[in-house]
Amino acid sequence: MLSTLSLRIDRMEEPLLDVQNLAITLPSDADRRHAVSDLNFTLRRGETLCVIGESGSGKSLTGRAILQLLPKPHVRLSQGRILFEGTDLVQLGEAGMRKIRGNSISMIFQEPMTALNPVLSIGRQIDEVLIAHTSLSRTERGRRMREILAETNLVDPDRILRSYPHQLSGGQRQRAMIAMALILEPKLIIADEPTTALDVTTQAQILRLMKQIQERHRAGLLFITHDFGVVAEIADRVIVMERGRAVESGPAKEVLHAPSHPYTKSLMAAVPSLTPRIRDGQTALEPTTLLAVDSLSKAYLLPGGRSIKAVDNVSLRLGVGETLGIVGESGSGKSSLARLLLRLSEPDEGSIRLDDVDLLALNRSQLRDKRHLFQVVFQDPYGSLNPRWNVGRIIGEGLRLRKEPERKVQEKSEAIIELVGLDRRALSRFPHEFSGGQRQRIAIARALIMDPKLLIADEAVSALDVSIQAQILKLLDNIKRRLNLSMIFITHDLRVAANICDTVMVMQSGRVVEAGPVEIIFRAPQQEYTQNLFAAVPGRLETD
Amino acid sequence: MSSTAERFFSNRTAATATIVIGLIVLVALVGPFLYPNDPSAVVAKPFELPFGAYPLGTDVLGRDVAAGLIYGARTSLTVALVASLAALLAGTLIGATAGYYGGLLGDMLMRCTEFFQTIPTFLFAVVIVAVLTPSMTSIAVGVAAVSWPPVARLVRAEFLSMRQREFVHAAECLGAPDHQILFQHILPNCLAPIIVMGSLTVAQAILLESALSFLGLSDGSTFSWGYMIGAGRTFLRSEWWLCAIPGMAILVTVLCINIIGEALNDALNPLLKD
Amino acid sequence: MIRFITRRLAQALPTVLLIFALSFFLLKLAPGDMAAVMAGESGGGSAEYVQNLREQYGLERPMILQLFSYLKNVATLNLGYSYRQNMPVFDLIMSRLGPTALLMLTSFAVSILAGVALGIAAARNVNRPVDRVISVISTLGYATPLFWVGLMLILLFSITFRQLPTSGMENVAAFNEGFARVKDIAWHLVLPVVSLSLFYTAVYTRLMRASLLEQSKMNYVVTAEAKGLAPRKVMYGHVLRNALLPILTMAGVQIGSMLGGSIIIESVFGWPGMGLLAYEALFARDLNLLMGILIVSSVMVILINIAVDVLYAVVDPRIQLN
């Protein structure tokens, strides 16, 4: 009796998960041998451990390695032990692992839309876990599923069980995914960027939910993320990974407030603050208006005959040299507004005047003549450059279309490519030879060579890692000052907006909720929607 | 582009198929000038066995089978190529317009394409040839008429997805006119699937042409592989090689073109992924 | 469901009218007077009948009015009279519909089932010998002319081994009844179905293999594995259902091509269906009969396509029936 008790105490003190000397080998054609090497960490019951790193740091593969679900056949675990309650998972074999997966260790993925099977109902997908690991009766399983869905705060569990993934919102899908992962009360939950694909308010709710459930069930939570804000919200301890190695680890408070490794420091410095930056040399003078948009509206027809107002009666003013941030969650209409401003789609009503030219009154060829005045940088650095053109041709296209002499095109291309921080040899190379950040620089060069008065950046830094994002933001800010450029910065990321904008416009369901100087909107938002939006931003430190 | 060629020829099967097709084309081009016998001339008694005085024997009328095969290559390849080119051109134009401009015009073009796909392919070709009275030209028209819809659908899907790509929007924002966007930006990025589709279209066209000639839908004066099979069909019980030999010619040709198409697909695709 | 089908049928109506119009223009395109063409070129019908046709279709009136009277005739199932066969065209076609439907639907089912099975076998053994063998077979199937396969199969199984009948749908002289007749027809069905399905089996095999491999890379597969499901369950419970969707789409597209292919198979095997009828019409230059067959078989394709759409909506919940 006494011995079993002491054994139990021993087991309580032993870590839930103990990863020793983990190494993951990449296929031979990869840019490096190992995705992960010499990785050691432990995780106790009831503890949340965040693994943070940029893309390519090996953090996601680490999560999948624990469940022995590395992408077959090229990526493999080449070394190390993964002790789960004292059992080495590496040596366990497929049949043994299957008993553990979904049962005592479960996983939550980033994109609930693709992580769920599109043609099976949510109920059936959750039920599978119960069928695979228990011998419960049909009614008992139904009861358990409704219970767990209620625990994830999903209203009307019966409807959710009958629904297919496409019929739910992103937040509902992720809640269903969490329910699926938690239904057998696993001892360890591995969450791989579970909130990255969600809007910021939904993200806050999901983070709170995960924390609650984890505490209630005293499960260990291994949380993989790229976002320091999320770490600040949820982590007990942190491991910072860089190119497959842990460069720093420790209690979350220590790492966040006093990072010791230079990589951690640079990473944290790159996170933009929520506090609007003090702008130097700002004149009290009202700048002359460059862009005047009045009651712009655009409705789209949905399948089934209904229509949705993507942009609803939006007006705005932008002064010369000013930067306007348009912020909002997905579906707020900010990208539809960008398309209207770029004259890529026709508005139903309203007017757009740029430099006193009525852009809506122009015919197609007149419009083409004026297009150089307003240029764009898009989100996706992989999709925004023609893969079959070399950089010189990409950057020079606009000038060649304007029939500029070839010598001038050359000169200007060389000047502009250096302005955005690339070598002029880049001109003869193709897009696929560049990294995401470099491609974004090329896209900026393509826009700037036209000498625009207005630059519209549509989520231009959203697809980039935080350190690259900081570089691009800095570049845009510099160029803007040097050229006295006006800029419209469309983003879902309030930190980015705080970093670069003079004025901000908050959008929701196609309408402007609130607009004004960035200091005022960020310090004292008036509308409830804006207040909630700001409260939801993860990791608001005391300084924010 | 050189790396595409390297990738293509590093595939042994594809290299072999290319050589075989090259030989067949060569035979079709110069064979009629070099081979002494005319395919429709009676040169010996009927049903001479192959590998005798005549390499592939003689048929029911005593005509040289080898000569028929050589002239047949010319007919089959010409009809297939002409019909495929026409189908590719029409399909690409219709698909590109529908995909890029969309809207009412695009809808109508696609309805039209789907309409032509509901009519049973081969039957439609038969009817066209019958109405226009059988000849090489009418066979080419019939084959082209049923070959363009799949091309149009593919090209439309490609253009539609390219149209949403950010580099196309960027070009539009630079003030690029439609023709520049269509032909300089979108088309080069869709070329790989169109080329692959093209090779499959040629292969299918050869099969269609042979089936039409097999049914006797040719003017009788031009020799083709399908016609030879149709003519030899009655003697399947005793002189089976009269059917087997031209059939093998069709099989080998179509097989090689398909293999080339597939290898092209593999060789061209890595370029599209960055 | 019923509403979906009625709506699809209503949508198909313009297509059907267009097919009628197309056959009208094709008849006009044929050299010679349309009434003479319709009566059968080589003097099938009497001068009186030709004159009668001329009045019936108003051939002296403007083209558009001719089109209308043609449409009206066709829509009331009056497809004209075949002097060669001494029967109204519509009745003639209806009498041949059964055998063609039997051949088509059997081949359709066989090619999809075989294609799916072979595709699964290939994808589960990717780059292993099984996959290679299947790939060679499907590449060959994809390149072989249908009619030639038919001839070679006859040569092999009917002439050399004397195992299977060479032609026809049944042994009429045996006066089989009941099950014996079914067995006899099934026996006659083997070679035509194999010949017709070979090409399409190859199409579905390749598509199924590619589709399975693509679906296996999807995120939901990792989710299923992370639940602790056995590989078989992941394959048959998750991947297969998604992988079947492109097969269904392809089946809808290929149905017209398959019906076309049955003409040539029927004429090779003497199968007494619409295909053989078309072959006979071709030689008699009975263009009007040929048009009738074109119209009826196009309508068949439309109907089968609606059935495929319903099936698709059942398998894929993202497609809404209303």
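**Figure 1. Salt bridge between chain C and chain B.** In this predicted model, one salt bridge is counted between chain C and chain B, a salt bridge being a side-chain nitrogen of Lys or Arg within 4 Å of a carboxyl oxygen of Asp or Glu. The partners are B:Glu262 and C:Arg206, whose closest N and O atoms lie 2.9 Å apart. Residues are numbered from 1 along each chain as its sequence is written, and chains are lettered from A in the order in which they are written. Local features need pLDDT of at least 70 and side-chain atom pairs count only at pLDDT 80 or more, whereas totals for chains, interfaces and linings use all residues; side-chain values use heavy atoms, with hydrogens and water left out.

**Figure 2. The interface of chain C and chain B.** The contact (heavy atoms within 4.5 Å) involves 49 residues from chain C and 41 residues from chain B. About 3,900 Å² are buried between the two chains, 78% of this on carbon and sulfur atoms; buried area is the accessible area (1.4 Å probe) that two parts lose on being put together, summed over both. Six residue pairs across this interface are in polar contact, both residues at pLDDT 80 or more. A polar contact is a pair of N or O atoms within 3.5 Å; within protein, one must be able to donate a hydrogen and the other to accept it, and residues adjacent in sequence count only if both atoms are side-chain atoms. On the side of chain C that touches chain B, 35 residues are nonpolar, twelve polar and two charged. Here Ala, Val, Leu, Ile, Met, Phe, Trp, Tyr, Cys and Pro count as nonpolar, Asp, Glu, Lys and Arg as charged, and the others, Gly among them, as polar.

Figure 3. B:Thr75 belongs to helix 3 (residues 65-101) of chain B; helices (H or I, at least four residues) and strands (E, at least two) are DSSP runs, numbered from the N terminus. With 8% relative accessibility, B:Thr75 is buried, where buried means under 20% relative accessible area, exposed over 50% and partly exposed in between (1.4 Å probe, protein chains only). The B:Thr75 side chain reaches the backbone oxygen of B:Tyr71 at 3.1 Å. Leaving aside residues up to four places away in sequence, B:Thr75 touches B:Met136, B:Glu209, B:Phe223 and B:Ser224.

Figure 4. A:Asp38, in strand 2 (residues 34-43), has a phi near 50° and is partly exposed at 44% relative accessible area. A:Asp356 has a phi near 65°. A:Asp356 lies in the loop between strand 14 (349-354) and strand 15 (357-358) and is exposed, at 67% relative accessibility.
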